Amino acid sequence: MIHATFHHGTNRIDSFQITGHADSGEYGQDIVCAAVSVLAITTINGLQRIAQIPVQVDNHDQEGGFLEVHLPPKLEATAELKGQTLLQSFADGLRDVANNYADFVEFAETNN
């Protein structure tokens, strides 16, 4: 099962963590894993390329599936707005995947 957790600070998403594998199909045919992966990679690329935020990324796919991304604590206002828009869109997409594939994805949000 994939476990996705978004960590909220004061009025912002500070970080997210995704662990595990969906195991909803054979390797290379797992549409749930593909959906989560595409959403995550697109979000990280957007944070780095569009919002120009130097995010900290920790990725260990070989160790059971692990991705953790942290935003810097302080950002310029425009970068913050772009970053939070991308992160909220990502959270909404993952929540929808979790709602439609509850046997394979668990979605959670925490407050720091």
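Biologist: What pattern does the protein chain follow along the sequence?
Modeller: In this predicted model, reading along the sequence gives β-β-α-β-β-α-β for the protein chain, which amounts to two helices and five strands.

Biologist: And which residues touch the most other members of the largest nonpolar core?
Modeller: Those are F6, F16, I18 and L94, within a core of 27 residues. At least two residues of this core come from each of β1 (2–9), β2 (12–19), α1 (31–50), β4 (66–70), α2 (77–100) and β5 (105–111), and α2 supplies the largest share, with seven residues.

Biologist: What does F6 touch, leaving out residues up to four places away in sequence?
Modeller: Its partners on that basis include I13, S15 and F16, then L87, F90, A91 and L94, and also F107, A108, E109 and T110.

Biologist: How much of the contact set is between residues 24 or more positions apart?
Modeller: Such pairs account for 60% of the contacts in the protein chain that have a separation of 6 or more.

Biologist: Switching to overall dimensions, what is the radius of gyration?
Modeller: The protein chain has 14 Å, which agrees with a compact globule, because with 112 residues such a globule would have a radius of gyration near 13 Å. The C-alpha trace spans about 45 × 25 × 20 Å along its principal axes.

Biologist: What about burial and surface?
Modeller: Of the 112 residues, 38% count as buried, while the accessible surface comes to about 6,700 Å², with 51% of that belonging to carbon and sulfur atoms.

Methods:
Residues numbered from 1 in each chain as written. Predicted model: local features only at pLDDT ≥ 70, side-chain atom pairs only at ≥ 80, totals over all residues. Heavy atoms only, no water. Helix = DSSP H or I, 4+ residues; strand = E, 2+ residues; numbered from the N terminus. Rg over C-alpha atoms; globule rule 2.2 N^0.38 Å. Buried < 20%, exposed > 50% of the residue type's maximum accessible area, 1.4 Å probe, protein only. Contact = heavy atoms within 4.5 Å. Areas by Shrake-Rupley, 256 points an atom, 1.4 Å probe, with all protein chains shown as cover. Core = buried A, V, L, I, M, F, W, Y, C linked by side-chain atoms within 4.5 Å.
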